[in-house]
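Subject: Structure handover

Hello,

The structure is pasted below for your files. My notes on it follow.

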Amino acid sequence: MDSFSYPFAISALAEAIAAEIPDNDQLALAAAALAQLGDTLATIAAVRVLEKK
């Protein structure tokens, strides 16, 4: 996947998830959980980079 199609794929995934979660409170919770997942993965990646140095 190239750098231009990646954001569109993420947006399409977000729209598909939102379509399946009609309740705004549940959608906000899912968004928060996915944001935490992203932050945790970024932390793991940073630690891996530092461990290689």
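The protein chain has two helices and zero strands, where helices (H or I, at least four residues) and strands (E, at least two) are DSSP runs numbered from the N terminus. The radius of gyration, taken over C-alpha atoms, is 15 Å, well over the 10 Å that the globule rule gives for 53 residues, so the chain is more spread out than a compact globule. That rule is 2.2 Å times the number of residues to the power 0.38. The C-alpha trace spans about 45 × 25 × 10 Å along its principal axes.

This is a predicted model: local features need pLDDT of at least 70 and side-chain atom pairs count only at pLDDT 80 or more, while totals for chains, interfaces and linings use all residues. Residues are numbered from 1 along each chain as its sequence is written, and side-chain values use heavy atoms, with hydrogens and water left out.

Surface

Accessible areas come from the Shrake-Rupley method with a 1.4 Å probe; for residues, only the protein chains shown count as cover. Buried residues make up 2% of the 53; buried means under 20% relative accessible area, exposed over 50%, and partly exposed in between.

Leu13, Ile17, Leu34, Leu37, Leu41 and Ile44 make a nonpolar surface patch of about 530 Å². Helix H1 (5-20) and helix H2 (24-52) are the elements that give two or more residues to it, and H2 has the largest share, with four residues. Like charges are joined within 9 Å, and nonpolar side chains (Val, Leu, Ile, Met, Phe, Trp, Tyr) within 5 Å.

Isoleucine 44 sits in helix H2 and is partly exposed at 40%. Between the C-alpha atoms of isoleucine 17 and leucine 34, 17 residues apart along the chain, the separation is 11 Å.

Helix H2 and the N-terminal segment

The 29 residues of H2 should span 42 Å at 1.5 Å a residue, and its end C-alpha atoms are 42 Å apart, which agrees; the expected span is 1.5 Å times one less than the number of residues. At the start of H2, a side-chain oxygen of aspartate 23 comes to within 3.2 Å of the backbone nitrogen of aspartate 25.

Aspartate 2 is in the segment before H1 and is partly exposed, with a relative accessible area of 45%. Its side chain reaches the backbone nitrogen of serine 5 at 2.7 Å, and a polar atom of that side chain lies 2.8 Å from the backbone nitrogen of phenylalanine 4.

Regards

Terms used. Patches are made of residues with over 30% relative accessible area and no salt bridge: like charges are joined within 9 Å, nonpolar side chains (Val, Leu, Ile, Met, Phe, Trp, Tyr) within 5 Å. A salt bridge is a side-chain nitrogen of Lys or Arg within 4 Å of a carboxyl oxygen of Asp or Glu. Buried means under 20% relative accessible area, exposed over 50%, partly exposed in between (1.4 Å probe, protein chains only). A polar contact is a pair of N or O atoms within 3.5 Å; within protein, one must be able to donate a hydrogen and the other to accept it, and residues adjacent in sequence count only if both atoms are side-chain atoms.
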